[in-house]
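Hi,

Here is the structure I said I would pass on to you. Have a look at it first, and then read my notes below.

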Amino acid sequence: MNQTDSHIGSFARQLVVWQRVARQFVVPQFITQQLITPTLDFFLPPRCATCDIVLARAPALCGQCWSKLDFIDGPICNRTGAPLPFDLGPQTISLNAMRHPPAYHHARAALYYTDTARVLIRRFKFHDRPELANLMVPWLLRAGEKLLAHADIIMPVPLHWTRLFGRRFNQSAELARKLADLTGIDMQVEWLRRTRRTPQQIGLTRADRRKNLRGAFTVPKKYYRFLRGKQVVLVDDVMTTGATVEACAKVLRRIGVAQINVLTVARVVLPETVHI
Ligand SMILES: [Zn+2]
């Protein structure tokens with residue numbers, strides 16, 4: 001990169017910062033729309049969120065990346081939302097959910113956590129790209145239509161504060177906030193808290209996952225009365241083993257939340273959850 005390119009890059013980065021600051025402080029929309037965004041597009045053209053090909057607008061995916069997204073459209077377990085090989089009706093419960101009934105009522109995810117979804121979510125989470133939430137929230141709205149219809153409160157799965165230093169934002173809170181904006185449902189980011197930083201769940205046995213997350217989430221007592229008898233939708237980016245949302249749901253159940261549902265952008269489909 002020559003010196004001119006590096007100056008343009010640094011100028012464009014400054015513009016990105018100003019664009020975010022403008023959004024935070026509600027600078028009149030015409031200033032961001034007519035001045036900051038076009039200048040930014042000139043120096044830093046919009047690109048596909050996963051393969052970086054130049055596009056007309058952002059955040060968006062190019063046709064090729066879009067076609068590689070695997071939406072969960074087929075029959076699913078009514079409790080866990082895990083895809084099922086046969087359609088036996090909307091009330092079907094998987095054998096796995098019968099053997100180990102989850103603490104939440106229903107879980108739904110928009111996508112299988114396959115390659116393109118993985119790249120997209122990793123960029124959203126680890127590469128400081130909060131604007132990618134705008135791309136994913138319509139998918140959440142579609143996958144969670146029934147869960148959101150009667151929801152009183154939307155809550156993001158909390159991140160431990162030490163993780164916020166590395167990422168600068170909680171990806172689940174970003175999704176929950178945009179979802180609340182679009183649906184008009186109340187969003188509470190402070191009520192459910194993560195008190196302990198926990199290692200990754202992948203590779204652990206069911207018992208170890210439970211032990212790993214024991215006491216990791218809490219709701220301050222002052223919020224109990226606002227939650228009793230309510231319908232809550234927990235929002236997260238990916239459901240991997242389901243242990244994290246299970247731990248959150250247990251806490252909410254204990255304090256008297258009437259219904260706890262889970263909505264994620266993607267989910268890992270483990271072999272054990274596929275059979276009926
Ligand atoms: Zn692409």
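You'll find D52 in the loop between α2 (29-43) and α3 (63-68). Check its backbone too: D52 has a positive phi of about 75 degrees, although it isn't a glycine. Before you go further, keep in mind that this is a predicted model.

D128 is another one to click on. Its phi is near 55 degrees, again a positive value in a residue other than glycine. D128 sits in the loop between α5 (115-126) and α6. Is D128 buried or exposed? It is exposed, since 12 other C-beta atoms lie within 10 Å of its own and 12 or fewer is what exposed requires.

Now for a glycine. G229 is in the loop that runs between α11 (224-227) and β6, and with 11 other C-beta atoms within 10 Å, G229 is exposed as well. Which residues does G229 touch, if you leave out those up to four places away in sequence? They are G256 and A258. In sequence, G229 and G256 are 27 residues apart, while in space their C-alpha atoms are 6.1 Å apart.

On to the sheet. It is an open one built from 5 strands, and reading across it you get the order β1-β7-β6-β2-β3, with parallel pairing. At the edges are β1 (106-112) and β3 (186-187), and each of those pairs on one side only. Helix α6 (residues 133-143) packs on this sheet, where it touches β1 and β7. The direction of α6 makes about 135 degrees with that of β1.

- β1 and β7 run parallel and share 6 bridges. Across this pair, L111 stands opposite A266 in β7.
- β6 (residues 231-239) and β7 (residues 259-267) also pair in the parallel sense, over 8 bridges. Here M239 stands opposite R267 in β7.

For α6 and α9 (residues 171-183), the angle is about 60 degrees and the axes are 9 Å apart. Their crossing is right-handed. On the α6 side, the contact is made by A133, N134, M136, V137, L140 and L141; on the α9 side, by E174, L175, K178, L179 and L182. Sort the residues of this contact by type and you get 8 nonpolar, 1 polar and 2 charged.

Finally, a few totals for the whole protein chain. Its secondary structure comes to 12 helices and 7 strands. Of its 276 residues, 32% are buried. And if you take the contacts with a separation of 6 or more, 70% of them are between residues 24 or more positions apart.

Cheers

Definitions and conventions: Residues are numbered from 1 along each chain as its sequence is written. This is a predicted model: local features need pLDDT of at least 70, side-chain atom pairs count only at pLDDT 80 or more; totals for chains, interfaces and linings use all residues. Two strands pair if DSSP finds at least two bridges between them. Helices (H or I, at least four residues) and strands (E, at least two) are DSSP runs, numbered from the N terminus. Two residues are in contact if their C-beta atoms, placed from the backbone, lie within 7 Å. Axes are lines fitted to C-alpha atoms, for helices over the stretch in contact, and angles run from 0 to 180 degrees between N-to-C directions. A crossing is left-handed if the near helix is turned anticlockwise from the far one by less than a right angle, and right-handed if clockwise. Ala, Val, Leu, Ile, Met, Phe, Trp, Tyr, Cys and Pro count as nonpolar, Asp, Glu, Lys and Arg as charged, and the others, Gly among them, as polar. A residue is buried if 20 or more other C-beta atoms lie within 10 Å of its own, exposed if 12 or fewer, and partly exposed in between; C-beta atoms are placed from the backbone.
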